[in-house]
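The paragraphs below take up a helix, one of its residues, and then the loops.

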Amino acid sequence: MNLANKITVARMLLIPLFLVLLLHVPAPAGPLWALVLYILASSTDKLDGWVARKYNLVTTFGKFLDPLADKLLVLSALICLTWYGRCSPYISILVLMRELVVTSFRIVAMGNGLELAADGWGKAKTFVQNVAVYLTLLGMVWQPAELPGAVLLWASAVLTLYSGYRYLSNNWQCIGHNW
């Protein structure tokens with residue numbers, strides 16, 4: 001396993017620690033440490049991609065694992081925030097459904113020898129989701145961050161729908177013959 005893939009796996013291994021901190025360590029320490037860990041884990045997304053491209057370490061495994069790690073991190077956070085009443089269950093379910101559909105689409109395309117990358121809307125969705133999670137976690141211990149976090153969670157839901165629609169409509173022909 002190369003360095004880029006090790007960074008991606010490390011991001012995935014941070015998720016259980018994030019969950020323990022958020023679910024089992026009382027506020028304010030639990031949410032604050034969970035926030036720090038979430039920021040660390042989400043920031044490694046850029047790092048692993050940069051390392052893979054700079055040192056020619058791009059692999060099929062990494063192309064599949066990197067977006068999966070991102071989805072697991074965001075979904076873990078959204079489910080926990082839903083548990084705490086900080087995120088609407090509609091948002092968590094919508095994000096889960098979109099990610100399952102897009103990931104399934106990518107797998108079918110890979111089976112056809114095609115690689116479907118995220119577009120700018122997908123990247124914007126991920127960015128807004130991450131900032132929404134940051135602010136919502138911060139809002140658990142610092143009330144002024146609560147409203148901006150809630151607003152961005154709903155904005156991320158809109159971006160989730162739109163980016164999913166664009167992804168499917170732009171790539172439908174890639175799997176059309178398998179339906």
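Helices here are DSSP runs of H or I with at least four residues, numbered from the N terminus. The model is predicted, and local features therefore need pLDDT of at least 70, side-chain atom pairs count only at pLDDT 80 or more, and totals for chains, interfaces and linings use all residues. Residues are numbered from 1 along each chain as its sequence is written, and side-chain values use heavy atoms, with hydrogens and water left out.

At the start of helix H1, a side-chain oxygen of Asn-2 comes to within 3.0 Å of the backbone nitrogen of Ala-4. The buried residues of H1 (buried meaning under 20% relative accessible area, with a 1.4 Å probe and protein chains only) include Ile-7, Leu-14, Phe-18 and Leu-22, and among the elements that cover the buried residues of this helix are H2, H3 and helix H5 (120-139).

Asn-5, which lies in H1, is buried, with a relative accessible area of 6%. Leaving aside neighbours within four places in sequence, Asn-5 is in contact (heavy atoms within 4.5 Å) with Thr-59, Phe-61 and Gly-62.

Two loops follow. Pro-28 lies in the loop between helix H1 (3-24) and helix H2 (29-54), and a cis peptide bond with omega of about 5° joins Ala-27 and Pro-28. Asn-56 is found in the loop between H2 and helix H3 (60-83), where its phi is near 55°, a positive value in a residue other than glycine. Asn-56 is exposed (over 50% relative accessible area), with a relative accessible area of 69%.

Notes: A polar contact is a pair of N or O atoms within 3.5 Å; within protein, one must be able to donate a hydrogen and the other to accept it, and residues adjacent in sequence count only if both atoms are side-chain atoms.
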